[in-house]
Amino acid sequence: MALTVKQRIKQLNGRILLNSIPGTGSRFTLILPQTGAASVDDLAAEWLANHQESSWPSQQPTAEKTTRETAPPPVNKTAEQIRTPTEKPPQQEDSRATILVVDDDRANRMVANASLRKQYTILEAESGMQCLNQLETEPVDLVLLDLMMPDMSGFEVLEEMKAHPERRYPPVIVLSALMDSKTISHTLQLGAVDYLTKPFNREEILARVHSQIILAQRELHLEYKVQQRTKQLQESNQRLEETFQQLLQSEKMASIGQLAAGVAHEINNPVGFIHSNLSTLSEYLDAIGTLLGNYKDLGQAVSETDTQKVQLLLEQINALRAEEDIDFILEDIPGLVADTREGTERVKSIVQGMKAFSRADDGEMAEADINAGIEATLKVVWNELKYKTEVHKSLGALPKTFCNLNQLNQAFTNLLVNAAHAIEEHGDIDIRTQQVGDEIIIEIADTGSGIESKHLQSLFDPFFTTKPVGQGTGLGLYLSYEIIQKHRGSIDVQSEVGKGTRFTIRLPIVSAN
Ligand SMILES: Nc1ncnc2c1ncn2[C@@H]1O[C@H](COP(=O)(O)OP(=O)(O)OP(=O)(O)O)[C@@H](O)[C@H]1O
Ligand SMILES: [Mg+2]
């Protein structure tokens, strides 16, 4: 048969060269003119069939091997799929892996092609540049790469691939005649997954290609699984966040329920004195109106030079001034107006506080003043505190910090209301803020009942409450803790039964940019 091949090569005006190293293998080089392309392919197959026994004596596949070989590892069929894990799980069956054989020597490409094409779809590239171009457009599962090529060497291809990991190139097995360990280790360092020397052994190349494709496939499966898991985690995170927001809102509404009576009272007070001031002002206006009428008549009498009438009116005016205490009225009016104005301001700020507090949206992250937040919160909870507590404020100078003040106010509200609830008859609440280094420290301390040490561990757990059913949901401290956590801060508690409790919040100072 070999003779037939030799004759046919001759017919095609070609040459056949043999380079054989005992114990290593043989290298046949077929040199053919370009016109014989179709016959060259046939020749390669024919040549391979004839030389399998002689050049690669141990590679004749057994029946079992053949079955294994004919079932190539499962692969993806599109370039996208091999490069990026997809929404769908990687395909398992009915797909042949695609191998790109890169060699400037046509005969070498043909030999590799003939060795692998039964199991794999083979693409060919004759230069490093062509290889990279082809990888941009074709779905390739593995590259067999020669090193010594004109224009762009295999080393340069590997360097390019290493420089662009984001392009997710397929695994590369180097196929080279160079055998020195320096070259081998250099290519492996550049990212090649394996190294085969030419002339290669057909069974070995099949086995190595097979295992690399299996590895690539596993990697893809793993990436797919990680992607799926990440997606699931993101979804449950999103659900958690939504639930948290709902809880926050319902706790807010519950607090509003608790505070409503107090707030109503807070509003009622100024509304009451505004009302009474307005009645007084109305009476004052009547008296001033009568007096002005008398003065008008007096003007008229003066212009008519009616001395008798002038005299009478002057007496009347003096009597009215004394009777209505006009001098006092004139003195009293500015105070009444100022009090009324202050009352309306108080109502306005309580209503604004409640409005901000109950807002369904979560408020915004913005640069804000923590002290202003505490003052606003105090207005909302004032009625809970004022009868039984003495509130001592020591608000230090604080820089503005990037935070969700609406949420922080909710935490302050709960701490202050808890403190008030812990004080049975009369006690003190100390509110202290200060900057220490790059942190803002907020302390809220009370001289209330204190917390039993056995409860300290569960204090921030959702639904932990010692209050009777209907009086506490046990969500206040849990939500406060979550709010502080979201601000990358911390909340600690110190307590002694019978003496009182101190909550300390630490917030990092964050600038908006
Ligand atoms: N300052 C405090 N002094 C004493 N005990 C406190 C104090 N703050 C909290 N506690 C205890 O911690 C428990 C949990 O507080 P938390 O604010 O989470 O829930 P709650 O006040 O019971 O209900 P709500 O959900 O209405 O706030 C309270 O029931 C109380 O026993
Ligand atoms: Mg509470």
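Which residues does isoleucine 370 touch, not counting residues up to four places away in sequence? In this predicted model, isoleucine 370 touches Leu398, Thr401, Cys403, Leu405, Leu408, Phe412, Ile440, Ile442 and Leu507, with residues up to four places away in sequence left out of the list.

Ile370 also belongs to the largest nonpolar core, a set of 44 residues in which Ile370, Leu408, Ile429, Ile442 and Ile505 are those with the most contacts inside it. The elements that give two or more residues to this core are the helices α9, α11 (326-358), α12 (370-386), α13 (405-422) and α15, together with the strands β11 (427-436), β12 (439-446) and β14 (500-508). Of these, α13 gives the most, with 9 residues. Apart from this core lies another, of 23 residues, among them Leu135, Val143, Met149 and Leu158.

Most residues other than glycine have a negative phi, and most peptide bonds are trans.

| Residue | Phi | Loop | Relative accessible area |
|---|---|---|---|
| Arginine 168 | about 50° | between α7 (154-163) and β6 (172-176) | 27% |

A cis peptide bond joins lysine 198 to proline 199, with omega near -5°, and proline 199 lies in the loop between β7 (194-197) and α9 (202-303).

Terms used
Residues are numbered from 1 along each chain as its sequence is written. Chains are lettered from A and ligands numbered from 1 in the order in which they are written. This is a predicted model: local features need pLDDT of at least 70, side-chain atom pairs count only at pLDDT 80 or more; totals for chains, interfaces and linings use all residues. Side-chain values use heavy atoms; hydrogens and water are left out. Helices (H or I, at least four residues) and strands (E, at least two) are DSSP runs, numbered from the N terminus. Buried means under 20% relative accessible area, exposed over 50%, partly exposed in between (1.4 Å probe, protein chains only). A nonpolar core is a set of buried Ala, Val, Leu, Ile, Met, Phe, Trp, Tyr and Cys residues joined through side-chain atoms within 4.5 Å. Contact means heavy atoms within 4.5 Å.
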